[in-house]
Structures are given as C-alpha cells and as structure tokens.
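User: I am new to this structure. Please show me how to read its features one at a time.

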Amino acid sequence: MAGYNNNLTKTTPPRWLLAELTYACPLQCPYCSNPLDYASYKAELSTDDWKRVLEQARKLGAVQLGFSGGEPLTRSDLPQLVKHARDLGYYSNLITSGYGMTEEKIVQLKEAGLDHIQVSIQASSQELNDHIAGTASFAHKKEVARLVKKHGYPMVLCVVIHRENIHQMPEILAMAQELGADYLELANTQYYGWAHVNRDLLLPTKEQFEQAEAIAQAFKETVAGKMKIYYVVPDFYEDRPKACMNGWGTTFLTIAPDGVALPCHSARELPGLDCPNVNDYSIADIWYESKAFNFFRGFEWMKEPCRSCDEKAKDFGGCRCQAYLLTGDMYNADPVCSKSDRHGVVQEAIESAKQAALAVEEKPLVFRNSKNSKLFG
Amino acid sequence: MTLNPQLPLSISRTHRLQWEEAQQKFVILYPEGMVELNQSSAEILKCCDGVHTLTDIVGDLEQKFATSGLHNDISAFLEVALNNGWIQQ
C-alpha cells in the first residue's frame, strides 16, 4: 500500500493504541462515542488477530494501550489479551462501565498485568446514573470502584458532563473523594455521533459551564497531591479549537472491533478516507502508507484561514470530524475557532440547545442501543 | 511537598519507568499520560528504587560520572518529580 506518504512532514511513530474490542455494551449512554450505525458492523477480530495487532503496534512504538468498546468485559479473551499486552511492555488501561466486573475478574486481570482501570459513572445519584446509562448500574459501579482501589490499581473515575448532570458537580467531586479516586476525568461531552444527535438535550449553557468549571477548579486545589483531575474542555465555549488527537496520524491509533484502523475513533464518519483493515495490511503499512492516515498529516491539506494561520502548528486546524459535522466540509477550519467564517454554526447550536431547554415539552433522548442504531444503518 | 533527604525514594505506585526501544529513551507511564525523559532525568529516576535516599543518589551519580557538585541539580529535579507524582517517599 505505497504512495500516500509524501514525506513532507516527518511521520512520528504511534504512542497510543485504542483497542475497541467490541461494540457490544449493556449500557445505552446517549453520548456514546461509537458510530451511530454500530449495529451494522457485526464482525469482531479474533483473539489471534488482536495479538498480532498488539505486537505490530508495539514494535512501531505504541506503549499506552486502552482496552475499550463497547464494554470490553464482554470479550471472554480479555485476560489473555491483557497478559499478551503486558508481555510486550504496554502500559494498559481497561476502560469499562463496570458492568459484568467481579472481584474475581479484578484479581485475574491484575495477575495478567493490567496497569489501571477506568470506571465510568454517569452521575452522582442513582436515579440519574441509571437513567443516563439506561441500566440499573449505579450501586455496582461504586462497588467496582472500591474493588479497583482495594486491589492496588490506580483508580481512574470518569464522568461525562452534560446538561443533565452538570448541576451535580459538587456531588460528583464528593463522590470521587469518597471512592478514593487517584484520577478524576471530568469529560465535557464532545458532540459527535450519539452526542451530536442528542446535542439539544445535552449541551449546557455557558453559565452552567462556567459555574461547574469554577467549582472543579477550586476543588482541584484542595486535593492537589492526592487526586489528579483531568478536565476535558467543552470546546463549544472556547475561542480556539482543540489540538485534536495531538495532530492527525502523529500519536493515536484506534482499531475498531471489526479491524478497521482509524486515526481517531470518530473518523468512520468522514467520507472518502478508505480506512484500512488490519485483516488486509500490517500496522506499519497502515500507519505510514495508508491514504487514511496520511489524509490530514502536515499542513498541505488546509484551506484558509488555517493555511496562513500562525497558530496552525498549535491546533492543526482543530477537529476534522467537527468541521465535517458542523460545516459539511472536512477540510474547513474547525468552526469552534473564532477565525472561521462558519463560527456562527457553533453559536446557532448553543442557541438551539438553550431554546430546547426552555421548551415546555422536551423531546426524549435517543439512547444508544441496537434498535436505534438500525435507524442510522 | 518537600523532599526528605533521609527517606528512600521510589517510583510512584501508579507509575512505571521503562525503556522504549522505538524511541530510544526512557519514559514514565501513568494513567492517561506519558513523559519522555532526557538522559540525565532517566539516570536519576533509575536510582529511585525504594532503597536509596537523595544523599545516596547524589553520591552514586557523582561516582558514576566521575564528577562533583551534582547535589543542587539532582535535588531540584527530584523535587519536581515528587510534586508531579512520579516518585514517592
């Protein structure tokens, strides 16, 4: 697969590998990062395929590894894959809803060499957690968090923030402290896929964002040295776009359940990339030579105002998926940027969400499940 | 947090120090992050084995590199490492 790497920009090796083992998940979070039509991708890589992928990516330089999904615990070969990853020298992370986790499995995964576990909790109260997750899961999630801690893993708690739970920020922080989280990821919803569909119902107002952020910042100082807080910014209220994926094809490699290699986990939404499959090509071929991974490398692809922008090496023009979803053209500047002539679409989205919040009858959330997914297939 | 020169130093429970062949450098790995180390930082962190103290480490490295006067540099770096949570006492 030669021909797509023009070598104008030196290609750095991958350092982070996200292994999406499956799209199967017992939860139904309405902001899920899986593709809307996930139900149409039925094939899953075999254990041997995953082992080969791990070996090849490690050889290139990947070292941070996330086992994700869907719910990765639904794969019965997870301990085998964790062990293989440890033998290869990965630093591995299990990104889980906690559903299906038992103390026995926590011990088994520790013995296999898993480095840490990230447990997601949807809210600080049972009622809201179970509503957002679409599953009665709150009590079990808290129990899993305690067991993770008990067995000596660094405990990473992840809470996705949106309009339905942003008012719970003080309680969320108190819950993280009570559970003894070593790391707390406060991830403001990024509006792709399912979250894009549900945006009017999930996007908080600027005032809500600012209030929640101030509370989180103040808390951060009181737990310095004990708990590390990762705050994923809500880019709709920023002036400049995020440096998405640290630059396209520079750092991150995602492998979807069916073996499709993606420069970011949303890249399946973009047209014409011809994302390669690990069943057909080696990871080295995919990373260095494929059309998809070279598509937005460097600066040659850029249009104005990015092309001549003195900040282009800082944010790489922002997110390609966001440019595509909001402007219809993936080559445009990320409209979050105030220099973009399409910046107005972000303001419109904010206004639309504000109106929806004031509406007498809110339309219902579209939950992430196979039935709804088939509507997008 | 201040470094206690009398107490042994070790890599944090939640972190791992390892050599990366592809990058030809040592890195520190931790949840959601990675720091690529230059040679002198790596030499110092390799000494944080749960046994050696700051004083030991200065002595060992001065001997290894046949030099003296490393105390302030090593102490300043370890202070940063402690505050970043890379090492613990």
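Analyst: What follows goes from the sheet to single residues and then to the interface.
This is a predicted model, in which local features need pLDDT of at least 70 and side-chain atom pairs count only at pLDDT 80 or more, while totals for chains, interfaces and linings use all residues. Residues are numbered from 1 along each chain as its sequence is written, chains are lettered from A and ligands numbered from 1 in the order in which they are written, and side-chain values use heavy atoms, with hydrogens and water left out.

User: In what order do the 9 strands of the open sheet in chain A lie?

Analyst: Strands of a sheet pair through backbone hydrogen bonds, either parallel or antiparallel. Helices (H or I, at least four residues) and strands (E, at least two) are DSSP runs, numbered from the N terminus, and two strands pair if DSSP finds at least two bridges between them. In chain A the order is 7-6-5-4-3-2-1-8-9, with mixed pairing. Strand 7 and strand 9 (261-262) of chain A are at the edges with a single partner strand each, so one side of each has no neighbour in the sheet.

User: How many bridges join strand 1 of chain A to strand 2 of chain A?

Analyst: Strand 1 (residues 16-20) and strand 2 (residues 64-68) of chain A run parallel and are joined by 5 bridges. Ala19(A) has Phe67(A) in strand 2 as its bridge partner. Strand 5 (residues 155-161) of chain A also runs parallel to strand 6 of chain A, with 6 bridges; there Val159(A) stands opposite Leu186(A).

User: Which way do the side chains of strand 6 of chain A point?

Analyst: In a regular strand the side chains alternate between the two faces of the sheet. From strand 6 of chain A, Tyr183(A), Glu185(A) and Ala187(A) point one way, and Leu184(A), Leu186(A) and Asn188(A) the other. Buried means under 20% relative accessible area, exposed over 50%, and partly exposed in between (1.4 Å probe, protein chains only). Of the 6 residues of strand 6, 6 are buried, so this strand is largely enclosed by the rest of the structure.

User: How many residues of chain A are in contact with chain B?

Analyst: 27 residues of chain A are in contact with 17 residues of chain B. Buried area is the accessible area (1.4 Å probe) that two parts lose on being put together, summed over both. For these chains that is about 1,600 Å², 50% of it on carbon and sulfur atoms. A salt bridge is a side-chain nitrogen of Lys or Arg within 4 Å of a carboxyl oxygen of Asp or Glu. Chain A and chain B have 4 between them; Arg15(A) and Glu36(B) form a salt bridge at 3.7 Å, N to O.

Note on methods
Contact = heavy atoms within 4.5 Å.
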